[in-house]
Amino acid sequence: MSFLPFSPQFNEFQDKFSATFRPFQRSFQFWARTVEIYAGYKVFQVRVSLVKDAKKKEEMWEKQHEFAADKIYNMCAELGGFFLKVAQIIGKPDLAPAAWVRRLVTLCDQAPATPFDVVRLVLENELGQSVDDVFDNIDTIPLGSASIAQVHRARLKGNKSDVVVKVQHPGVQELMMTDIRNLQAFALYMQKTDIKFDLYSITKEMEKQIAFEFDFPREAAAMDKIRRFLYENNKKSPVIVPRVMKDLVSRKALVMEYIDGIPILRLGDEMAKRGFNPRGKIAAAAKQSILKSLTLAYGQMILKSGFFHADPHPGNILICKGSEVALLDYGQVKDLPENLRLGYANLVVAMADGDPTRAIESFRELGIGTLIKCKDERKEMLKLAQSLFDSKLPPGVTMLQPFSEESSVNKISVEAFPEELFSVLRTVHLLRGLSVGMGVNHSCAEQWRPIAEEVLYRAGRPLALVKDVKGKLEKRSFFRRTFRKRL
């Protein structure tokens, strides 16, 4: 068969050719851009090491970070897909250089939208009905478009309440799996050369979690399970969880309750619009309340249930009337094994108590393998635990950079990190990013301590030895300690 330029046969062949080789094109783009950014930093490190003036060094680093931030932003924005998730992870004020954060924070929900004509076809194929037979109306412009799916506001036939229709972008799964395999290869290189941390295990867990996000029936079941758990274990659930329309769920389409609220990133602007000083006492109290509600929900999910929403980035959090918090998007959930749930509860108590011995024991129990490279092992191990698994910044620190020369990660090599724990790590770091971004230095470990103690008590595990009023050591039960705190 011969193909004439611009003929239907030629176009069909071109489409198939592009579909076949697009993963290779993405891989080439990833490596070309990544090597350029990485090499730029390595050359800069040599150049800046020759400078003795500390202030000039700082200025040089800021310019380098700004230069690199533009390149990282362009790579994530142009490649989209999985790299939007990468931007969410590294673009946090407690983790990345400030220049990176300023550029990457705007990429939360900027994936290109799928045209509505295609969305209509996907919906009708998935639901087995005409869109007009299911909905009275559906907005053609999406509320938002993320890396895997986009959402549209709609109203069901014969219903007065609005719903949200979530629809997958066609063909995105293969590309995202290509992206993460490239990232895994880069992670292996980085942990052997620059960063003494088991990055590869983290990327393997990311691969597993992202694959789950393409299964909407699983997401619907997870949303329903977490909603029931939070509503049944509290007089009032600390967060609002949308209800699923169970008859309207398929692998690539999901219909759920519409929650009216504002994105958490717009909270300051909304307060200013209503006449409140975003940095005043009323705003500070509201932010404290929001963080406590969100963190309480996560403490209960992780420590009591072990089954938790594992993606609390700003795009998934709405603030509703009365400072209520709504938690959206249950594509990434984690079911933590019992031994890790109890081991993490033990670590929470250790961090809240500032107990290095217990922290070291908890690391062993959790299977976190470390290689000590400093003198003050106990102090640095506790600092490592807090930098990895608590949302509070140390006194006087405004930005935590885990891989800086003075960090505990650099002083203590993390040679083995259980894949199963990555979701807990990521969740805590996202909570820390929210805390820092809102100007509230909040400790999830301190808030979760009573929950962790209750969990350990019910499991028959030993609690911490603490000093009584006379300075003697005593072992308090969870109930006795809680009662004294309430007094």
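This note goes through the structure point by point.

1. **What the model is.** This is a predicted model, in which local features need pLDDT of at least 70, side-chain atom pairs count only at pLDDT 80 or more, and totals for chains, interfaces and linings use all residues. Residues are numbered from 1 along each chain as its sequence is written, and side-chain values use heavy atoms, leaving out hydrogens and water.

2. **Confidence.** pLDDT is the predictor's confidence in each residue, from 0 to 100. Its mean over the protein chain is 83, and 84% of the residues reach 70 or more. Residues 1-21 have a pLDDT below 50. Beyond near neighbours in sequence, that stretch has seven contacts in the model (a contact means heavy atoms within 4.5 Å). Residues 465-487 are also below 50, and this stretch has 38 contacts beyond near neighbours in sequence.

3. **Overall make-up.** The protein chain has 18 helices and 16 strands. These are DSSP runs, numbered from the N terminus: helices are H or I with at least four residues, strands are E with at least two. Of the 487 residues, 49% are buried. Buried means under 20% relative accessible area, exposed means over 50%, and partly exposed lies in between (1.4 Å probe, protein chains only). Take the contacts between residues at least 6 apart in sequence: 67% of them join residues at least 24 apart.

4. Look at helix α11 (residues 281-305) and helix α12 (residues 338-353). Their axes come within 8 Å and cross at roughly 125°. Axes are lines fitted to C-alpha atoms, for helices over the stretch in contact, and angles run from 0 to 180 degrees between N-to-C directions. Angles under 35 degrees count as roughly parallel, over 145 as roughly antiparallel, 65 to 115 as roughly perpendicular and the rest as oblique. α11 and α12 are therefore oblique to each other.

5. **Who makes that contact.** From α11 come Ile302, Leu303, Lys304 and Ser305; from α12 come Arg341, Tyr344, Ala345 and Val348. By class, the contact has five nonpolar, one polar and two charged residues. Here Ala, Val, Leu, Ile, Met, Phe, Trp, Tyr, Cys and Pro count as nonpolar, Asp, Glu, Lys and Arg as charged, and the others, Gly among them, as polar.

6. **Aromatic pairs.** The whole structure holds 11 aromatic pairs. Rings of Phe, Tyr and Trp (its six-membered ring) pair if their centres lie within 6.5 Å; planes under 30 degrees apart are stacked, over 60 edge-to-face, the rest tilted. The rings of Tyr38 and Tyr189 have centres 5.7 Å apart and planes at 80°, so this pair is edge-to-face. Tyr38 is in helix α1 (residues 8-49) and Tyr189 in helix α7 (residues 172-193), so the pair ties together parts 151 residues apart in sequence. Tyr38 is buried, at 18% relative accessibility. Tyr189 is partly exposed, at 41%.

7. **A second pair.** Tyr41 and Trp100 are also edge-to-face, at 6.3 Å centre to centre and 65° between the planes. Tyr41 is in helix α1 and Trp100 in helix α4 (residues 98-104), 59 residues apart. Both Tyr41 and Trp100 are buried.

8. Most residues other than glycine have a negative phi. Ser323 has a positive phi, near 60°. Ser323 sits in the loop between β10 (317-319) and β11 (325-327), and is partly exposed at 25%. Asp329 has a positive phi of about 65°. Asp329 lies in the loop between β11 and β12 (333-335), and is partly exposed at 22%.
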